[in-house]
Every structure is written in structure tokens, then in C-alpha cells.
Amino acid sequence: MMGNRVTEDIISPVAITGMGCMAGGGSNVANLWDNLQRAEVNCQPVPGYLFKTILGYPVFSAPADPLTDAARSFIKEISPDFNERSVSRTVLLACSAAVESLLEAGITPELLASVRVGIAMGTTVGCTFHNEEYYSAWRAGLNPDLEPVQFYLGGNVSSALHRILKTKGPSAVVTNACASGTDSIGVAR
């Protein structure tokens with residue numbers, strides 16, 4: 001009997017009611033899809049707003065302003081005192097994608113406040129780029145302030161989304177290269 005139940009659980013459907021995206025390929029799902037269909041990419045040398053480098057290799061980078069107008073408006077309604085500077089760029093990118101998916105699913109701030117929410121996110125970056133200056137100083141033999149490390153340790157993207165959106169429930173971040181998104185759907189299920 002247990003074997004049948006496991007099989008039933010494995011093949012039960014997963015419903016995706018909303019999608020959100022903020023990436024180098026597009027600043028929302030529709031924009032990403034259009035760019036993919038036209039084979040257009042935003043590949044350029046590393047922009048200065050990410051980090052400084054002497055290397056000229058190209059990267060795919062999301063917009064300089066990681067928080068969309070829709071995300072700002074949604075978050076302001078839920079968390080009027082939210083300070084964008086209190087979180088990392090990665091968290092702001094996640095906020096934009098999360099709000100896009102909530103709006104696509106028809107979830108209002110009022111509805112969001114009335115339900116328990118689990119957040120499982122997939123990312124290829126985590127918060128790795130937020131410690132470049134610290135790492136460079138450390139490698140140069142300097143004694144840099146630990147604030148960037150503490151900022152990184154407090155930067156779990158799913159937990160930050162719970163704080164910003166004032167939701168409660170389980171949270172997980174999957175950082176597993178290009179399989180992160182698919183893996184996070186499995187973890188969420």
C-alpha cells in the first residue's frame with residue numbers, strides 16, 4: 001500500500017499559477033520570451049553597477065535598477081517602511097520576479113496577508129557578487145570590515161521575501177546552476 005501512495009505522490013500534478021522573471025535575458029516573463037524568440041541577448045562587458053573588473057569578458061546582466069515599478073508599489077502597500085538599501089541587489093531582483101508572479105496569479109496584498117505562504121526559489125547566483133570588494137581587500141592582505149560578510153549571511157533570498165512581504169511559512173533557496181528553477185519547483189512540491 002505504501003508503494004502505491006509514493007507513486008501517486010510522485011505523479012500528482014503541480015499547478016503554476018503565476019510566473020516572474022528578472023534576468024539578463026529579460027526584465028519580466030513576456031520580455032524574456034520575446035527576446036528568446038528573436039534570439040536577442042543582453043550580453044555586454046560587466047557593467048560598473050555590478051562590480052569593477054579589468055577583464056573584458058561579456059556577461060548577461062539584469063537592469064541596473066533591480067526593483068520594477070510594480071514591485072515597488074506592491075511592496076509599499078505591504079511594507080510602507082521598507083528600505084531598498086537594507087537588502088542586497090539579489091533580494092531586490094527576487095522581489096521583482098516574485099511580485100510579477102503574484103500579480104499574474106491574481107494575488108493581491110490583502111489575499112497574500114490572509115494565507116500561509118511557502119517560498120522556494122531557484123537562483124544561479126545566490127548573493128555571490130555582493131562580497132567582491134571584501135574579497136579583493138582580504139586577498140590584498142588588508143583587514144576589511146566584516147559588514148559585507150554579515151550582510152551576505154543575512155541575505156537568504158526566500159527569508160528576505162518573507163520579511164518584506166510579511167508572510168509566514170517554509171522557505172528554501174536552491175542554488176544549483178541552471179537546474180535551480182526546476183529543482184525549486186520540486187522542493188516546493
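These notebook entries record what I looked up in one predicted model.

**Entry 1: Basis**

I took the model as predicted, with local features requiring pLDDT of at least 70, side-chain atom pairs counting only at pLDDT 80 or more, and totals for chains, interfaces and linings using all residues. Residues are numbered from 1 along each chain as its sequence is written, and side-chain values use heavy atoms, with hydrogens and water left out.

**Entry 2: Confidence**

I looked up pLDDT, the predictor's confidence in each residue, from 0 to 100. The chain averages 84, and 88% of the residues score at least 70. Confidence is lowest in helix α1 (residues 2-11), with a mean of 55, and highest in α3, at 96. Where pLDDT is low, the predicted coordinates should not be read in detail.

**Entry 3: Fold and surface**

I counted helices (H or I, at least four residues) and strands (E, at least two) as DSSP runs, numbered from the N terminus. The chain holds 9 helices and 4 strands, in the order α-α-β-β-α-α-α-β-α-α-α-β-α. For contacts I used heavy atoms within 4.5 Å. Of the contacts with a separation of 6 or more, 66% join residues 24 or more positions apart.

Accessible areas come from the Shrake-Rupley method with a 1.4 Å probe; for residues, only the protein chains shown count as cover. The total for the chain is about 12200 Å², and carbon and sulfur atoms supply 57% of that. I used the classes buried (under 20% relative accessible area), exposed (over 50%) and partly exposed (in between), with a 1.4 Å probe and protein chains only. Of the 189 residues, 31% are buried.

**Entry 4: Salt bridges**

I applied the rule of a side-chain nitrogen of Lys or Arg within 4 Å of a carboxyl oxygen of Asp or Glu. Side chains of opposite charge can pair when their charged atoms come close. The count is 4 salt bridges.

One of them joins R38 and E40, at 3.0 Å from N to O. R38 is partly exposed at 46% relative accessible area, and E40 is likewise partly exposed at 43%.

I then followed R72. Its bridge to D65 has the closest N and O atoms 3.1 Å apart, and its bridge to E84 stands at 2.9 Å, N to O. D65, D69, R72 and E84 are linked in a network of salt bridges. Relative accessible area is 41% for D65, 27% for R72 and 28% for E84.

**Entry 5: E100**

Leaving out residues up to four places away in sequence, E100 touches M19, G20, C21, N28, V29 and A30.

**Entry 6: Nonpolar patch**

I searched for patches among residues with over 30% relative accessible area and no salt bridge, joining like charges within 9 Å and nonpolar side chains (Val, Leu, Ile, Met, Phe, Trp, Tyr) within 5 Å. V14, I16, M19 and I185 form a nonpolar surface patch, together having about 360 Å² of accessible area. I185 belongs to helix α9 (residues 180-188) and is partly exposed at 39%.
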